[in-house]
Amino acid sequence: MKAIRRFTVRPVLPEPLQPLSDLARNLRWSWHTETRELFESVDPAGWRATGRDPVRLLGAVSAARLAELAGDRPFLDRLTAAAAGLDTYLRGERWYQERAGQGAELPAAIGYFSPEFGVTAALPQYSGGLGILAGDHLKAASDLGVPLIGVGLLYRHGYFRQSLSRDGWQQEQYPLLDPNELPVTLLREPDGTPAQIVLTLPGQRSLRACVWQAQVGRVPLLMLDSDVEENGPGEREVTDRLYGGGSEHRLLQEMLLGIGGVRAVRTYCRLTGHPGPEVFHTNEGHAGFLGLERIRELVATGLGFEASLEAVRAGTVFTTHTPVPAGIDRFDRELVARHFGEDGELPGVPAERVLGLGMETYPGGEPNLFNMAAMGLRLAQRANGVSTLHGAVSRQMFAGLWPGFDPSEVPITSVTNGVHAPTWVAPEMARLGDPEHVPDAEVWAVRRALREQLVTEVRTRLHASWRQRGAEAAELGWIDGVLDPDVLTIGFARRVPSYKRLTLMLRDRERLTELLLHPERPIQIVVAGKAHPADDGGKRLVRELVRFADDPRVRHRIVFLPDYGMGMAQKLYPGCDVWLNNPLRPLEACGTSGMKAALNGCLNLSVLDGWWDEWFEPDFGWAIPTADGSSADENRRDELEANALYELIEDRVAPRFYDRGGSGLPDRWIEMVRRTLVSLGPKVLAGRMVREYVERLYAPAAAAHRALDADTAAELASWKYRTRTLWPYVSVDHVEAVAATGVGGGAGGGAELGSTLSLRVSVGLGELRPEDVEVQAVAGRVGSDDTIVDAQTFPLKPAGGPDLDGRWVYEGPLALDRTGPYGYTVRVLPAHPLLATSADLGLVALPTEATGEGAGVLMR
């Protein structure tokens, strides 16, 4: 029989043990070793049985054991120390407060919105890298004292749990999560009633949500939950699953995250006194509607739409995480129009204005689709990709939003992701101390111990997986011989879209088999990953890998572990010697799993994509050669890159691992481990990442936000409207090069390195004034088609008032500091003190063929 109602009976802790509740409810325990060890000592068997979740542990421990601990003086001393440590952590000044004390102009608070957060396996609200990154961002912000407020959704079924059928096909289960059994608390009004957020839906319906709060160290994480009794059945299911449902379901999730999320932040600040955010950070386009809600707030005060848009843009940061258009949510125009129409959301904000922010009106776009990333970029004055290479890919991908500008000038910068070391570094590695000075034997002993732990973990998980697949215990004796703690261990774990190429290693199965079974230098491989439930292609890749790993010839050397998640990852990264990553370059935005591995002394073997393209050095691992610059088809490319992978393992990776020096240790391998820990480790930290966000994006956004009060925002909006209206009358009418030392004349002239060219340009401004524009020379090397590459800009200044025809003359020097084919052109851009970049309006005036011979001088 099934229960008709479910509820949670909470334990009553004896008075001396009350601090355990506070320690369990603050997720700092998930990255604080001493606190985790304290909970483990409460009941070691129960700690393992509850998945190392303190909340569940305290709900399961017996009253007798609690009474025993209440009288255990050494335990109580440890508890007191842990509680005091948490209090100091929460209240003490940290990096952010020190920076503010030194005079840095920093935001009072930042709202950080993401569709998923991977903080701990005990709060399963993540699917992959985006969520884990968001969780690490919150943790690092907490460690640094950054006043972040995290905002997401609470999915009652989380992301799916993965298992395998007997023939290796992925199967999904969606267990129901009871928030009362999670490390979260309900946000309540002063009278004790749950705080509620309400969205208006078409047809006089409402979408209501309560707000659950998780405490991530110093950072509150607010999660909206639509499973409340006041909602109808359809509305209750809006937050049922992460990335589930059809288009309208996803649209409602993203409206609740963005619009409802801002309302949740306002409610939280009202109830707690927390400063309101001056900066709003949109982590991927899913949360982009937050900008529309903030526009609605300002419109409700009497500010016009355009002025409100400028004020909102000034304080918004948008981070894009995908280099593939398929990773962006796009909705049918009519669906969006219906939800923002007269009886929908955002009263006072016309639906056509909402649509204008998201429609794909640029070349190559689908004019009937509403693009969440396009809206995110239009609503944010500052935007970034998540590695240097991804920033370049993003500028190319979104260049259509800034017509007339080269991709290199598109205003999207990059902040390379990082990972939170206390979460991902094994305690054994953390206790190793300064790797620069630890003896080789000690480094190797720790690495072997971690490999041995992984072997044990793999055997346990593999046994459970085979039992789920229907195998009898009597036929699983072979699992006791799976993997060997002295064999070179390669890890590969990530989501399974096609571009990540899970099965590239299977391209030549006989060759892979030879590597696995090599008599002197064998390798072993641990693989994990989930395909999206709707991605049958990804599921076929999983099955292909599983069937190979099921082969009795190799099953002791290669394994597939189902249900990849944070709990598995924290054992997998430290236990591997090599971390493999072989995406189709440049489709990996960052790829942080290799960073987590590196922090544990694991060497990377990866395609030069994402962060590895930026920081690869031979000291840290190996770069897999790619064929992305060739005209080879995808099949041929996979063949070339798979062969390169096999050759690297066979000729360089395995020999170095097994090459023993006079001490019996792999000296050269250990030196690579040491260099990885010492030189690469500091670069891949989430603390470095968050400091970059604060200094390069949050602080400038806060300054821009403060500069735009209602009057200034209205003035800027008026100036933009006037400039856009009058821009068709701006022209570059004549360009000439005034003779200068070392410069030949005419289009075929030459010049000497170090000489200077004096430019004189006549421009028409129509009714605009010189203070409304910036006139530049753009110069650099030229390719065979006369395209300027590695361009530099040189400002030109007015040489007096307008002539009789109303044209203005601009002059300035052009320094010739490069050899080889060289060229320049001239352009006019809008200029205003409050513009973040000169590309902000997407307006530019360039010379035409009628401008004259000197308009684009080339010197060869």
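Analyst: Q213 has a relative accessible area of 15%, which is under the 20% limit, and therefore counts as buried. The model discussed here is a predicted one. Q213 belongs to strand β7, which covers residues 205-216. Its side chain makes a polar contact of 2.7 Å with the side chain of Q215.

The surroundings of Q213 also include residues from elsewhere in the sequence. With neighbours within four places in sequence left aside, Q213 is in contact with P183, V184, T185, L187, P220, L221, L222 and Y268. For one of these, T185, the separation is 28 residues in sequence, while the C-alpha atoms of Q213 and T185 are 5.3 Å apart in space.

H390 is buried, with a relative accessible area of 2%, and is located in helix α16 (residues 388-397). A polar atom of the H390 side chain lies 3.4 Å from the backbone oxygen of T322. Beyond its neighbours within four places in sequence, H390 is in contact with T320, H321, T322, P323, G385 and A589.

E360, by comparison, is found in the loop between α14 (351-358) and β12. E360 is buried as well, with a relative accessible area of 4%. The side chains of E360 and R330 are joined by a polar contact of 2.7 Å. R330 is also among the residues in contact with E360 once neighbours within four places in sequence are set aside; the others are G365, E366, P367, L369 and N371.

The account now turns to aromatic residues. The structure holds 19 aromatic pairs. In one of them, the ring centres of Y159 and F160 are 4.8 Å apart and the planes meet at 50 degrees, so this pair is tilted. Y159 and F160 are both buried. The pair of F289 and F370 is stacked, with 6.1 Å from centre to centre and 20 degrees between the planes. F289 lies in the loop between β9 (279-283) and α11 (290-299), whereas F370 lies in strand β12 (residues 369-371), so this pair ties together parts that are 81 residues apart in sequence. F289 and F370 are both buried.

Charged side chains also meet aromatic rings. K530 lies over the face of F160, at 5.0 Å from the ring centre. The charged end of R494 sits over the ring of F492, 4.4 Å from the centre of that ring.

Strand β15 runs parallel to strand β16 (residues 523-528), and six bridges join the two. One of the positions concerned is G491, whose bridge partner in β16 is V526.

L488 also has a place in the largest nonpolar core, which has 99 residues; L488, M505, I525, L605 and W669 touch the most other members. The largest share of this core comes from helix α25 (residues 634-658), which supplies ten residues. Apart from this core lies another, of 67 residues, including A24, Y96, M223 and V279. M505, with neighbours within four places in sequence left aside, is in contact with F492, L512, I525, V527, L545, I558, L580 and Y646. W669, named above as a member of the largest core, also belongs to an aromatic cluster with W444, W622, F657 and Y658.

Finally, a further set of paired strands may be considered. Strand β21 (residues 731-738) and strand β22 (residues 756-764) pair in the antiparallel sense over seven bridges. In this pairing, V738 stands opposite S758 of β22. Strand β22 also pairs with strand β25 (residues 807-815), again in the antiparallel sense, over nine bridges. Here T756 stands opposite A815 in β25.

Conventions:
Residues are numbered from 1 along each chain as its sequence is written. This is a predicted model: local features need pLDDT of at least 70, side-chain atom pairs count only at pLDDT 80 or more; totals for chains, interfaces and linings use all residues. Side-chain values use heavy atoms; hydrogens and water are left out. A nonpolar core is a set of buried Ala, Val, Leu, Ile, Met, Phe, Trp, Tyr and Cys residues joined through side-chain atoms within 4.5 Å. Buried means under 20% relative accessible area, exposed over 50%, partly exposed in between (1.4 Å probe, protein chains only). Helices (H or I, at least four residues) and strands (E, at least two) are DSSP runs, numbered from the N terminus. Contact means heavy atoms within 4.5 Å. Rings of Phe, Tyr and Trp (its six-membered ring) pair if their centres lie within 6.5 Å; planes under 30 degrees apart count as stacked, over 60 as edge-to-face and the rest as tilted. A charge sits over a ring if NZ of Lys or CZ of Arg is within 6 Å of the ring centre and within 35 degrees of the ring normal. A polar contact is a pair of N or O atoms within 3.5 Å; within protein, one must be able to donate a hydrogen and the other to accept it, and residues adjacent in sequence count only if both atoms are side-chain atoms. Two strands pair if DSSP finds at least two bridges between them.
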